[in-house]
Amino acid sequence: MFDRFGRPHPGQAHRTRPVALITGASSGIGTAVAERLAASGNWQLLLNGRDERRLTQVAARTGGMPLPADVTDPEARSALVKEAQEGAGRVDAVVAGAGIGWAGQFRQMRAQDIDDVLAVNLSAVLHLVRLVVPGMVDRGRGRVVLIGSMAGSVGVRDEAVYSATKGGLMAFADSLRYELGPSGVRVSMVMPGAVDTPFFGRRGAPYHRTRPRPVPAHRVADAVCQALRTGRAEAYVPSWLGLPARMHGATPGLFRRLAQRFG
């Protein structure tokens, strides 16, 4: 139970806390979000990830309930949401933090790699949100926070499929925001640039650009927490990345020429 600012109602914080389901909680941004929310003391945490050992460690540190599952598997995803709703009684907020990357030339990308990136970054998110949003609408309140990327706003060389998934999330968030506007459910996009997490090691290519410099995961977690409090539509991390995103929208031809020249 929380007010329009995402805070527990006065007098209720000690009795019932809003419930947040965080995917990708076993590492990176998901772990940082879990730690930030745990530090606030205002949330009951349901933590999802595929690495059961790491997820259990994060749950022990944050007081969350570990719910290991592969969100790309339809049966596992449905079981996850059922277990979350039965265990906590409801899901007031979902933070879609699970994601994978792939770097390299698109023409060299295997079909299975394309399917994997689409499944984790886009398809699983849409299906998960579909499972939890009806309950939020019924209660007249809720938060959906999607972890996008600057790559979804402007596209990034050698990350065509990853950029496509994050761009798809942006369009999904906009559409869902219009649909749910009257319901009391708020949809937010948090769009970081490079983040200092194991993500780059797992995608098979290190981060090599000089700008933007990688930011700590807790910076992204702070933006997620603000989105949960306020329901703001979007946030770039760091905030100055909003400038090239707006430039891309206002003068796409100029932006593309600059991007092609400077990478």
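Mentor: First, a definition: a salt bridge is a side-chain nitrogen of Lys or Arg within 4 Å of a carboxyl oxygen of Asp or Glu. Keep in mind that this is a predicted model.

Trainee: How many salt bridges does the structure hold?

Mentor: Side chains of opposite charge can pair when their charged atoms come close. Arg90, Asp92 and Arg139 are linked in a network. The count for the structure is eight.

Trainee: Which residue forms a salt bridge with arginine 36?

Mentor: The closest N and O atoms of the pair are 2.6 Å apart. That is within the 4 Å cut-off. The partner is aspartate 222.

Trainee: How many residues apart are arginine 36 and aspartate 222?

Mentor: The pair links distant parts of the chain. Arginine 36 sits in helix 1, and aspartate 222 sits in helix 8, residues 217–230. The separation is 186 residues.

Trainee: Is aspartate 113 buried or exposed?

Mentor: Aspartate 113 has a relative accessible area of 14%. Buried means under 20%, so aspartate 113 counts as buried.

Trainee: What distance separates the end C-alpha atoms of helix 1?

Mentor: Helix 1 covers residues 28–40, which makes 13 residues. At 1.5 Å a residue, the helix should span 18 Å. The model agrees with that, at 19 Å.

Trainee: Which residue just after helix 1 takes a positive phi?

Mentor: Inside helix 1, several residues are buried, including Ile29, Val33 and Leu37. Just after the helix, phi is about 75°. The residue is glycine 41.

Trainee: In which sense do strand 1 and strand 2 pair, parallel or antiparallel?

Mentor: Strand 1 is residues 19–23, strand 2 is residues 44–47, and four bridges join them. The chain crosses from strand 1 through helix 1 to strand 2, in a right-handed β-α-β crossover. Isoleucine 22 stands opposite leucine 47. The sense is parallel.

Trainee: Which residue in strand 3 stands opposite leucine 47?

Mentor: Strand 2 and strand 3 run parallel, joined by two bridges. With helix 2, residues 52–62, they make a right-handed β-α-β unit. The residue opposite leucine 47 is proline 66.

Methods. Residues numbered from 1 in each chain as written. Predicted model: local features only at pLDDT ≥ 70, side-chain atom pairs only at ≥ 80, totals over all residues. Heavy atoms only, no water. Expected span 1.5 Å × (residues − 1). Buried < 20%, exposed > 50% of the residue type's maximum accessible area, 1.4 Å probe, protein only. Pairing = 2+ DSSP bridges. Right-handed = clockwise from strand over helix to strand, strands pointing away.
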